[in-house]
Amino acid sequence: MDTFELAALTGPALTGFASIDSRQDLMRPVFRNTEGDAGYWMFTDYAAILEGLQHPELWSSSVIVPTDPDPPYQWIPVMVDPPQHAKWRQVLAEYFSPGRVKGLRDEHRRLAAELIDRISAEGSCEFVKQVARVFPSHIFLNIMGMPIERLDEFLEWEDKMLHQSGLGDEAMAIRLEGMTQVVGYFQSLIDQRRADPSPDAHDIVSAALRWTIDGEPVSDGDLLNCLLLLFMAGLDTVASQLSYAMLHLATHDEDRARIVAEPELIPRAIEEMLRVYPIVQTARKATQDMEFHGCPVKAGDMASFPLAAAGRDETVFPRAREVDLDRGVARHISFGAGPHRCLGSHLARQEMTVFLEEWHARIPAYRVTETPVEHAGQVFGLDSLQLSWGN
Ligand code: HEM
């Protein structure tokens, strides 16, 4: 194991290690995790995870947190099943299309360059706070039409919603508090934009006021649930993925030297790092009694589909834990699969590509100087990554 290969990414038994029925279960492609009130199935091989995500008629995404089988919230569109789900995708698609994202490429490059220029003379940085949480957030807030000046507050709310370790009422209360703050903020933003509309504005919040589904205006409740999901996806994911990418490159000199010498390898390196360090761990609820990949499932059972396990399945990807820049096309599912496959994947890939290009053009050699701190849960990420490139 690499010095900096961290606990949450070392295997499929993410948060429930202590509660797994027996060590023997770890050898099986599926086991019962007894975490939470009711427990849940945990599928650990690529084929079962892929199939589960591709079949919403068997596995509903009305619940995507395995320990919350009856959540008091609905994140739209990820917690909406077909056929309603496709209508939401249609509404949202234009903002994240390859063409729309490509049109933002120069702006993304400029933002990355400015940020890196600001810190490069310092010789070191705490990458997560100073860079990873700043760069994608600026891009996302511009797309949404939200004020950059409030970023610290937004990140605080994000942490409450997504980075609560632990179970039970206390953690849930903090999560709900974060959601309430975000929803309250969006409600006042919507009211403001309604009172003072700017018909030429292209940001998502302004445009959302004109959204319709089945010819009817979208209700405020649905709108807020959708903006809430975009908020969670936009502020956290790229920051986490980029932090893992930099941790990998800082601790694997050969890979780093190759992308410095051949920057055209960066998109391929990103795919490999997405496969080996998948940040999103999702879940579904069974719609019926069935035998699924040999597992006796009852209607209403929860199942975790950890993408971290899918990307590291040795039967699909030989030497699965190794980032191999010569691997060729690896069909990873770190952006999910099936109807809910990530809507922001083009945006995420572009942000990471321009960032790594600009960083390595300026800071080709750097190292980790303190043990990084990682969080697990629904979305893995780093809390800190101290990098140094000075003497
Ligand atoms: C590297 C960064 C990212 C990763 C690894 C990632 C991963 C994922 C995954 C795995 C899913 C599917 C979840 C499930 O099936 O339960 C998903 C869905 C989604 N992602 Fe991303 N995501 C990233 C960045 C983004 C960004 C930047 C946005 C834009 C704001 C975004 C927006 C969404 C949306 C809206 C969905 C729900 C799609 C649907 O239900 O149809 N993601 N993402």
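This is a predicted model: local features need pLDDT of at least 70, side-chain atom pairs count only at pLDDT 80 or more; totals for chains, interfaces and linings use all residues.
# Sheets, a helix face and a nonpolar core

**The five-stranded sheet**

- The strands β2 and β10 belong to an open sheet of 5 strands with mixed pairing, in which the order is β1-β2-β10-β7-β3.
- At the edges of this sheet stand β1 (30-33) and β3 (59-60), each of which pairs on one side only.
- Helix α1 (residues 46-54) lies across β1, β2, β3, β7 (281-286) and β10, and the helix runs at about 120° to β10.

- An open sheet of 3 strands has antiparallel pairing and the order β4-β14-β11, with β4 (124-126) and β11 (367-368) as the edge strands, each pairing on one side only.
- Within this sheet, β11 and strand β14 (residues 386-388) run antiparallel and are joined by 2 bridges, and Arg367 stands opposite Ser388 in β14.
- Strand β12 (residues 373-375) pairs with strand β13 (residues 381-384) in the antiparallel sense over 3 bridges, and Val373 has Ser384 in β13 as its bridge partner.
- The strands β12 and β13 form a hairpin with 5 residues between them, and in the turn Gly377 has a positive phi of about 115°.

**Helix α4 and its two sides**

- The 16 residues of helix α4 (residues 105-120) should span 22 Å at 1.5 Å a residue, and this agrees with the end C-alpha atoms, which are 22 Å apart.
- His108, Leu111 and Ala112 are buried in α4; seen down the helix axis, the buried residues fall within an arc of 95°, so they line one face of α4.
- The cover over the buried residues of α4 includes α6 (135-144) and α14 (345-362), whereas the face turned away from the buried side carries the exposed residues Asp106, Arg110, Glu114 and Asp117.

**The nonpolar core**

- In soluble globular proteins, nonpolar side chains tend to be buried together.
- Here the largest nonpolar core has 97 residues, and those with the most contacts inside it are Ile49, Leu228, Leu229, Ala245, Met246 and Ala303.
- Helix α10 (residues 220-251) supplies the largest share of this core, 19 residues.
- Ala245 touches Ile270, Met273, Met352 and Leu356, when residues up to four places away in sequence are not counted.

**Backbone details in the loops**

- Most residues other than glycine have a negative phi, and most peptide bonds are trans.
- The peptide bond from Ile76 to Pro77 is cis, with omega near 10°, and the bond from Pro82 to Pro83 is cis as well, with omega near 0°.
- Pro77 lies in the loop between β3 and α2 (84-93), and Pro83 is also found in the loop between β3 and α2.
- His293 has a positive phi near 50° although this residue is not glycine; His293 lies in the loop between β8 (290-292) and β9 (295-297), and it counts as partly exposed because it has 15 C-beta neighbours inside 10 Å.
- Arg319, another residue other than glycine, has a positive phi near 50°; Arg319 lies in the loop between α13 (307-310) and α14 and is exposed, with 9 other C-beta atoms within 10 Å.

Terms used:
Residues are numbered from 1 along each chain as its sequence is written. Two strands pair if DSSP finds at least two bridges between them. Helices (H or I, at least four residues) and strands (E, at least two) are DSSP runs, numbered from the N terminus. The expected span of a helix is 1.5 Å times one less than its number of residues. A residue is buried if 20 or more other C-beta atoms lie within 10 Å of its own, exposed if 12 or fewer, and partly exposed in between; C-beta atoms are placed from the backbone. The arc is that of the directions from the helix axis to the C-beta atoms. Two residues are in contact if their C-beta atoms, placed from the backbone, lie within 7 Å. Axes are lines fitted to C-alpha atoms, for helices over the stretch in contact, and angles run from 0 to 180 degrees between N-to-C directions. A nonpolar core is a set of buried Ala, Val, Leu, Ile, Met, Phe, Trp, Tyr and Cys residues joined through C-beta atoms within 7 Å.
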